[in-house]
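Keep the coordinates open as you read.

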Amino acid sequence: MKSSRRDLSSLLPSSGRLPDVEVPAGRVVDLPGRGTTFITDSPGPTADAPAILLLHALSTTGLLTWFPSIPALTERFRVITMDQRLHGRGIQSPEFSLRDCADDAVSVLDALDIDQAVIAGYSMGSLVAQRVWRQHPSRVGGLVLCAGTDQFQTNATERLFHRGMGVSFGRLRRGAPTISELKQAPLDPKDDLRRWAIAELRSTRPLAMGRAVAAIGQHHTKPWMHEIDVPTAVVIPLRDRAIPPERQRAMAQRIPGATVHEVDAGHSCCVMSADLFVPKLVEATNTVLARWTEKRQA
């Protein structure tokens, strides 16, 4: 996963292309027996609108990955974001695993009294989304997997990358805040969207990134992807240098009935090319929602 140097961390400070959309306010919720995390919960068009839980990319936060997409998604869904374990204002713990992240996601659904939801994930979030289905299949109405894969460390280069990333993140993210600093009032995106975005990016500590990268390197769900039995859409950035598009396409082919939605952009397109990404995401989520609705009515 060549993600850190090509993700938002390398592009955000110098780019002037942040989408001009309203960023929803959020709150901290307690997840009994697990800890606390930060969520946003944006209502849909009706009180009973289906829910979609959005899981973010490595080294970012729920809002930083998904804020450009939320307004469009609320036309059909109740839209929830969360900070995942060791990211932003997510659960603080000595260890990081994708299994724990999947359980955390379902705990957020519990806290919001949501029985079933579409689970959408971007990059690292797509790995967690796969595990949500595996560990809690009754809670998943559908999956939307963006810029994802079902295996890592397929060659020597990737293995060396994952072994060395703990050191790399320490160098890239000098000046990251302490836990006490994270508890301070965050910047308001309405005041300065760019400063807010950079602060969100810096809110995840280097040591946490090393642990997350090590866990991601062990991700291998390929053997059971053919068992996924919920409506699934796969969104593929065609210029992705972090996860090769051909690997994303191969994953999609292993999922029964998965639809493919291509974006002519790179790995950071959820924010940096939102004008291209968001329409494809909406297309993918609407496809999943239509199939989920049909399945429930059958």
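Which residue is the bridge partner of I119 in strand 6? The partner is L143. Bear in mind that the model is predicted.

That pair sits in a longer contact. Strand 5 covers residues 117–122, and strand 6 covers residues 140–146. The two run parallel and are joined by 6 bridges. Strands of a sheet can pair in either a parallel or an antiparallel way, through backbone hydrogen bonds.

Is Q253 buried or exposed? Its relative accessibility is 65%, so Q253 counts as exposed.

Side chains of opposite charge can pair when their charged atoms come close. The whole structure holds 9 salt bridges. One of them joins R249 and E262, at 2.9 Å from N to O. R249 lies in helix 10 and E262 in strand 8, so this pair ties together parts 13 residues apart in sequence. Both ends are partly exposed: R249 has a relative accessibility of 27%, and E262 has 35%.

R254 forms another salt bridge, with D150. Here the closest N and O atoms are 2.9 Å apart. The link spans distant parts of the chain: R254 is in helix 10, D150 is in the loop between strand 6 and helix 6 (156–172), and 104 residues separate them. How do the two ends sit? R254 is partly exposed at 23% relative accessibility, whereas D150 is buried at 0%.

A further pair lies elsewhere. The side chains of R139 and D110 meet in a salt bridge, with 2.9 Å from N to O. R139 is in the loop between helix 5 (124–135) and strand 6, and D110 is in helix 4 (residues 98–111), so the pair ties together parts 29 residues apart in sequence. R139 counts as buried, with 14% relative accessibility. D110 is partly exposed, at 41%. Salt bridges also link R34, R85 and D104 in a network.

Turn to helix 9, residues 206–217. How far does helix 9 reach from its first C-alpha to its last? The 12 residues reach 17 Å, close to the 16 Å expected at 1.5 Å a residue. Buried residues in helix 9 include A208, M209, G210, A212, V213, A215, I216 and G217. In an α-helix, residues three or four places apart point the same way, because there are 3.6 residues a turn.

The loop between helix 8 (193–202) and helix 9 holds S203. S203 is buried, with a relative accessible area of 9%. A polar atom of the S203 side chain lies 2.6 Å from the backbone oxygen of E200.

Finish with two backbone angles. D113 is not a glycine, yet its phi is positive, near 55°. D113 is in the loop between helix 4 and strand 5. S123 is not a glycine either, and has a positive phi of about 55°. S123 is in the loop between strand 5 and helix 5. Their surroundings can be read from accessibility. D113 is exposed, with a relative accessible area of 71%, while S123 is buried, at 1% relative accessibility.

Definitions and conventions
Residues numbered from 1 in each chain as written. Predicted model: local features only at pLDDT ≥ 70, side-chain atom pairs only at ≥ 80, totals over all residues. Heavy atoms only, no water. Pairing = 2+ DSSP bridges. Helix = DSSP H or I, 4+ residues; strand = E, 2+ residues; numbered from the N terminus. Buried < 20%, exposed > 50% of the residue type's maximum accessible area, 1.4 Å probe, protein only. Expected span 1.5 Å × (residues − 1). Salt bridge = Lys/Arg side-chain N within 4 Å of Asp/Glu carboxyl O. Polar contact = N/O pair within 3.5 Å; in protein donor to acceptor, adjacent residues only side chain to side chain.
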